[in-house]
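Hello,

Here is the structure I promised to pass on. My notes follow below it.

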Amino acid sequence: MMNSTILNRNRIEKLASAAFALLVWQVSAMLIGESLLIVTPIAVVKRLFSLFTEADFFPSIGYSFLRIVIGFLTGLIVGSLMAAVAGKFHLAEIMFQPFIITIKSVPVASFIILCLIWLSMGTLSSFISFLMVLPIIYSNILQGIKSTDKKLLEMAEVFRVGLFRRILFIYLPQLKPYLISACSVAMGLAWKSGIAAEVIGVSNGSIGEKLYEAKIYYTTADLFAWTFIIVVLSIGFEKLFLYLIKKFYAGLERL
Amino acid sequence: MDIVISGLTKRYGEKTVLENFNAVIPEKKMTFIMGPSGCGKTTLINILMGLIEKDGGTITGVPSLKSTVFQEDRLCEGFNAISNVRLVCENKVKNQDIISHLERIGLENNILKPVIELSGGMRRRVAVVRAVLAKSDIIFMDEPFKGLDEKTKEKTMQYVVDNTKGKTVVIVTHDIDEANTLGGKIIYMNHFKSVS
């Protein structure tokens, strides 16, 4: 009873804050009175509905979604494998360090421009998303591996537990908070960097191209509408992926 | 083959825990290691298990297939009792066998709960079953009946006796009654010395 009251209050507070933000936006747009600078929320909603009916709306979403998700998943797999190797061999950790530091510190725009020379337009956003995801996953998973309960590992050693069972019963459960937090941060970054790559590279048929066109033709409503779509896709994918991770762990604990 | 410990020495920095320690642990029998706190009982079995290095002396005859009940339970918290035991068992050990062992020491109503939800005594018993069911020639038990009430302790002790026949069992305990009830050789450690 108490919990549901708190939950309802939280929902009301969230709705109230969203309504307030929309009101501020609407009033600001009306006061400025120039749709080129800022459009009203109503105009954005109208534009969103008209976008749904355009022939290239869903293909554009599919194009960007597929590539960014591939980049994210590749970063997740490669980052995890690298962390596993670095966790096992200190020398590997030392060898990986310059690459990880470079990827972390070089501005994403520099990578995008460099990759425009190296890669085809079709793989650009995947590769950039991959690059941005890699160090986050690597660092978090490595930290998780290092924090794994030494006493449990010692137990596994005495009982001669094989690697597969060690991963399943010891490492994966202990990595859960690190994995969830890394994925949560990395997914947002994958979307931001992937779309940025598409804008700079003007990838044909992508969401980035739509944003680029909005900039060229000064269609601010398009910019807002597509941005809204990116945010929805990013949050939706994050929620779905984290749900799947939690489902995986629930299944693991029932083994 | 008996385990023969000769001139065993272990130091942690300036502190000497074992010095010139000698003992024989008979094969396929129960041996109790007793002594006051801090006399090096746990250090001794950790050396025998190969978890810590000795500083001097020789040890011969320790079988390579070892199993143990650690001083702490060392269970995988999110998993249930069956999974925790399954982790260390060979594939030929069936889940039904594990369940039957867990039932024998009174865990029948808590088999499917994650061990983090079990009481200290229940967790201890899961650790005992795990040690018993793992393939081994020697079982080390560091205070295996700690935290158990008298009735449960009796049941668990009987379970250990019934299921460790033909294996070398080394039990660290403070309780002479445990040693007398279970029967076996007693090695009394009194700061570096052993009295059998």
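A residue counts as buried if 20 or more other C-beta atoms lie within 10 Å of its own. By that rule, strand 7 (residues 168–172) of chain B is mostly covered, with 5 of its 5 residues buried. Keep in mind that this is a predicted model.

Which way do the side chains of strand 7 of chain B point? B:Thr168, B:Val170 and B:Val172 point one way. B:Val169 and B:Ile171 point the other way. Residues on both sides are buried.

Now the neighbours. Strand 7 of chain B pairs with strand 3 (residues 30–34) of chain B in the parallel sense, over 4 bridges. In that pairing, B:Ile171 has B:Phe32 opposite. Strand 6 (residues 138–142) of chain B also pairs with strand 7 of chain B, again in the parallel sense, over 5 bridges. Here B:Ile138 stands opposite B:Thr168.

Strand 6, helix 5 (residues 150–163) and strand 7 of chain B make a β-α-β unit. That unit is right-handed.

On confidence: chain B averages a pLDDT of 91, and 97% of the residues score at least 70. Where pLDDT is low, the predicted coordinates should not be read in detail. For the complex, the predictor gives an ipTM of 0.90 and a pTM of 0.84.

Best wishes

Key. Residues are numbered from 1 along each chain as its sequence is written. Chains are lettered from A and ligands numbered from 1 in the order in which they are written. This is a predicted model: local features need pLDDT of at least 70, side-chain atom pairs count only at pLDDT 80 or more; totals for chains, interfaces and linings use all residues. pLDDT is the predictor's confidence in each residue, from 0 to 100. A residue is buried if 20 or more other C-beta atoms lie within 10 Å of its own, exposed if 12 or fewer, and partly exposed in between; C-beta atoms are placed from the backbone. Helices (H or I, at least four residues) and strands (E, at least two) are DSSP runs, numbered from the N terminus. Two strands pair if DSSP finds at least two bridges between them. A crossover is right-handed if, with the strands pointing away from the viewer, the path from the first strand over the helix to the second runs clockwise.
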